[in-house]
Amino acid sequence: MFIPVSERLASQYARLCNAAQQPGVRPRKGFAMFMALGALVIVAVLIAGSSFLTQQESRLGQNQLVQSRAMAAAEFGLNRIQADWDKTPNLTMANGAIFDTLYTLASQGTAMVRYVRLNNETFWIVSEGRATIGSTENVARTAVKRVGAILRLRVPTIKANGAVTTAGKVVVKGSGQIRGANTNPVGWTGCASAPDKAAIVVADASKVDIQKAGNVTGTPQVTIDPLAADSNTYVRFGDETWTALVAGANITVAAGNHQPQPTVVSGSCAKSNTNNWGEPARAETAGNQYAAPLVPECNNYFPIIYASGSVGMKGRGQGILLINGDITFNSGFLWSGLIIVKDDILKGNGHAQVFGGIMARNNEGTAVDAQDFTGTVDMIYSACGLDRAMRGSASVVQAKHRAWTEMY
């Protein structure tokens, strides 16, 4: 029998109403809403967890970056202080003294370098690198790293056993003097005592021609040493070599006549001036032709000067003078320190003085075969002049054993 749709709907509605009125049966209205809320909570937790992990990864990356920058800054400071070593502390810095230098690295950080002198040969260097990422609005992250190293002075060991050491002949005539008695340069103070040396050191006594015996004095007057004929004596100096000294020269000049004079700029020794070879004079005394005017700001400047060819010298200076050729001393030249000549010492004009020592290799194949001190050239052995020249011009290197350490 066919039942109309309207009647079927009415019958179903009645059954539902009766079921709702029966005890123990409750309607399930709003269940879908709770499911939706639960899903939203789970999604929110997942999003929050992902965001937290991303933030933590970002922070870890920033922390590693800022620490790497701080370490790089610390190592930069340690290496830069060696490259920029101006050699002034070699003589002027007392044992136990402390000096600080600040370097700034663009967009990287800063390096505060402190060095302490331990003794006459070594320095303790601590470089603190500091780097920052972020700003005041976004909390900044700062890292600090410290590294330390022991540096030592690489002082040349020069075997100067007399005022003049040469592999060739020596001719002394006129009023010139060669003195082996240890003598401090005029006006120098604080020099330690040292034994006297020979006036002339050669490998063969027959190569020495002295016109006036009284003008050549020493203990003894002439020393015979086979090493004077050894070419290595003039190119190897302990830890240093001729090549290394030339490579590390503060000043390089060409062959020709030179008249160096100490100069000052804004109250400081003008070390960038290639005609400034330091100030060997310590006082302006009557008749002192070498100190007019005196430049005390350059008293502790002992450069290494390399001449690529033969030179004629006037003026004044101090340090280590390397000459790839001959040297001629002319009137008014004053030098304190060491002079090493590849070839020969030629006769000059006028009065010149050298406090320290001179070594002439007398290179084979040259036209001249003698060191000619005819005239009024005074060669005066000075242990103080040699020591300060070598220490004042020494570079620094890291000690061989446990030279570097990461402090934190």
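This is a predicted model: local features need pLDDT of at least 70, side-chain atom pairs count only at pLDDT 80 or more; totals for chains, interfaces and linings use all residues.
**Exercise 1. Salt bridges**

Task: State how many salt bridges the model has, and find how far apart the closest N and O atoms of Arg 114 and Asp 100 are.

Solution: 
1. The count comes to eight salt bridges.
2. Arg 114 and Asp 100 form one of them, with their closest N and O atoms 2.7 Å apart.
3. Arg 114 belongs to strand β2 (residues 109-117) and Asp 100 to strand β1 (residues 98-105), so this pair ties together parts that are 14 residues apart in sequence.
4. Arg 114 has a relative accessible area of 41% and is partly exposed; Asp 100, at 34%, is partly exposed as well.

**Exercise 2. Cover around a salt bridge**

Solution: 
1. Arg 146 sits in strand β4 (residues 141-154) and Glu 128 in strand β3 (residues 122-133); the pair is 18 residues apart and links distant parts of the chain.
2. Buried means under 20% relative accessible area.

**Exercise 3. Another pair and a network**

Task: Classify the cover of Arg 80 and Asp 84, then name the residues linked in a network of salt bridges.

Solution: 
1. The side chains of Arg 80 and Asp 84 meet in a salt bridge, 2.5 Å from N to O.
2. Arg 80 counts as partly exposed at 32% relative accessibility.
3. Asp 84 is also partly exposed, with a relative accessible area of 36%.
4. The network of salt bridges links Glu 121, Asp 387 and Arg 391.

**Exercise 4. Strand β22 and its partners**

Task: Describe how strand β22 is covered and how β22 pairs with strand β20 and with strand β24.

Solution: 
1. Strand β22 spans residues 333-341, and nine of its nine residues are buried.
2. Strand β20 (residues 316-323) runs parallel to β22, and eight bridges join the two.
3. In this pairing, Leu 338 of β22 stands opposite Ile 320.
4. Strand β24 (residues 351-360) also pairs with β22 in the parallel sense, over nine bridges.
5. Here Leu 334 has Gln 353 in β24 as its bridge partner.

**Exercise 5. The surroundings of Val 164**

Task: Locate Val 164, state its cover and list its contacts beyond four places in sequence.

Solution: 
1. Val 164 is part of strand β5 (residues 162-166).
2. Its relative accessible area is 0%, so Val 164 is buried.
3. Leaving out residues up to four places away in sequence, Val 164 touches Ile 178, Ala 199, Ile 200, Val 201, Ile 358, Phe 373 and Met 379.
4. Val 222 is 58 residues from Val 164 in sequence, while their C-alpha atoms are 9.7 Å apart in space.

**Exercise 6. A nonpolar surface patch**

Task: Which residues make the nonpolar surface patch of about 460 Å², and where does Met 33 lie?

Solution: 
1. The patch is made by Met 33, Phe 34, Leu 37 and Leu 40.
2. Met 33 lies in helix α2 (residues 31-83).
3. Met 33 has a relative accessible area of 49% and is therefore partly exposed.

How values were computed:
Residues are numbered from 1 along each chain as its sequence is written. Side-chain values use heavy atoms; hydrogens and water are left out. A salt bridge is a side-chain nitrogen of Lys or Arg within 4 Å of a carboxyl oxygen of Asp or Glu. Buried means under 20% relative accessible area, exposed over 50%, partly exposed in between (1.4 Å probe, protein chains only). Helices (H or I, at least four residues) and strands (E, at least two) are DSSP runs, numbered from the N terminus. Two strands pair if DSSP finds at least two bridges between them. Contact means heavy atoms within 4.5 Å. Patches are made of residues with over 30% relative accessible area and no salt bridge: like charges are joined within 9 Å, nonpolar side chains (Val, Leu, Ile, Met, Phe, Trp, Tyr) within 5 Å. Accessible areas come from the Shrake-Rupley method with a 1.4 Å probe; for residues, only the protein chains shown count as cover.
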